[in-house]
Amino acid sequence: MSEVIKLNKLTKKYGTTDKIALNNVSLHVDAGEVYGFLGPNGAGKSTAIRTLLNFIQPSSGSAEILGLDIVKDSVEIKKQLGYLSGDFAAYPKMTGAQFIDYMGDLQPPISKKYVNELIKRFKAEPNKKLGTLSRGNLQKFGIIQAFMHQPKVIILDEPTSGLDPLMQQEFYDLVNESKANGSAVFMSSHILSEVQKTCDRIGIIRDGKLVDERKISEMSLEASQTFDITFNGKIPIKEIKKVKGIRVSEERSDAVTVHMHGKLSELFAVLAKSDVTKIDARNLDLDELFLGFYEGKVEK
């Protein structure tokens, strides 16, 4: 099965009001794919996830997970997926070990050894009561319980909340390992660097509508790349400014700084005709492009 998660015009209205939290959202996630679901607070990310899990039911439209209907087959679906909520909480009087054992009774892991490896990887504290843990240390147990039975479908709502940078990287590695093993991962996030490191495709949701979908590789081509270019002799500034997608931000006697959106071949063709002594490239700036979607400045 290629399309592991599939939404078809999924809509959610609340009560008798005109409030539409999800508006005809259609998308799919394939096996071995990490799909980032992005949008500002209140855009509909968590509503979509709660609807997929049948915590709330759709007003119209449909969705399937592993070929099963999210409403009719909700119990069977839950046996086969891992889930981490955006406001993960656990029994405060349980120790971490007791919690993991309890979750293992509900959904047995394939390998107890793998569970212990996850505990060690995330430097979790299984002998402490969950109610005494910091937000980040509690989040570790949320991640462990979502991945420990090595599910083929993993749904994550703001998964790195509270984690320090080292544990965030451990999480990214775990997601990539799950992807390599064929799992489909559906992950909501508003951390752009997180999305760049883990996701194959992203969907942008705004006011309940899916306003665009892109491959991360495609977005990298559209993002702004900054170059500091030093010349020996005359700068072909007129020709540089004619290059499609370019913006010159600074001109000096022997150098120029440009911001480039899109493919670089035309710019390099211009530079090849001049005596260029140095080119310094800066990091891709995807943040600006993402924010453009959030604020409605980028059209589909």
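This is a predicted model: local features need pLDDT of at least 70, side-chain atom pairs count only at pLDDT 80 or more; totals for chains, interfaces and linings use all residues.
Modeller: Residues are numbered from 1 along each chain as its sequence is written, and side-chain values use heavy atoms, with hydrogens and water left out.

Biologist: How many helices and strands are there in the protein chain?

Modeller: The protein chain has 11 helices and 14 strands. Both are DSSP runs numbered from the N terminus: H or I of at least four residues for helices, E of at least two for strands.

Biologist: Why are helix 4 and helix 6 called roughly antiparallel?

Modeller: Helix 4 (residues 112-121) and helix 6 (residues 165-180) pack at an angle of about 150 degrees, their axes 11 Å apart. Axes are lines fitted to C-alpha atoms, for helices over the stretch in contact, and angles run from 0 to 180 degrees between N-to-C directions. Angles under 35 degrees count as roughly parallel, over 145 as roughly antiparallel, 65 to 115 as roughly perpendicular and the rest as oblique. Helix 4 and helix 6 are therefore roughly antiparallel.

Biologist: Which residues make that contact?

Modeller: Tyr114, Leu118 and Arg121 come from helix 4, and Met167, Glu170, Asp173, Leu174 and Glu177 from helix 6. Contact means heavy atoms within 4.5 Å. By class, there are four nonpolar, no polar and four charged residues. Here Ala, Val, Leu, Ile, Met, Phe, Trp, Tyr, Cys and Pro count as nonpolar, Asp, Glu, Lys and Arg as charged, and the others, Gly among them, as polar.

Biologist: And what makes helix 5 roughly parallel to helix 6?

Modeller: The axes of helix 5 (residues 135-147) and helix 6 come within 12 Å and cross at roughly 10 degrees. That angle makes the two roughly parallel. Lys140, Ile143 and Phe147 of helix 5 meet Met167, Phe171, Leu174, Val175 and Ser178 of helix 6. The classes here are six nonpolar, one polar and one charged.

Biologist: Why is arginine 282 called partly exposed?

Modeller: Buried means under 20% relative accessible area, exposed over 50%, and partly exposed in between (1.4 Å probe, protein chains only). Arginine 282 has 46% relative accessibility, so the residue counts as partly exposed. You will find arginine 282 in the loop between strand 14 (276-281) and helix 11 (286-294). Leaving aside neighbours within four places in sequence, arginine 282 is in contact with Thr226, Asp228 and Thr257.

Biologist: What share of the protein chain is buried?

Modeller: Buried residues make up 47% of its 300 residues.

Biologist: How do you know that strand 9 and strand 10 pair?

Modeller: Two strands pair if DSSP finds at least two bridges between them. Strand 9 (residues 201-206) and strand 10 (residues 209-215) have six bridges, in the antiparallel sense.

Biologist: What makes strand 2 and strand 5 edge strands?

Modeller: Strand 2 (20-30) and strand 5 (68-69) each pair on one side only. They belong to an open sheet of four strands in the order 2-1-4-5, with antiparallel pairing. Within that sheet, strand 1 (residues 3-13) pairs with strand 2 over seven bridges, and glutamate 3 stands opposite aspartate 30 in strand 2.
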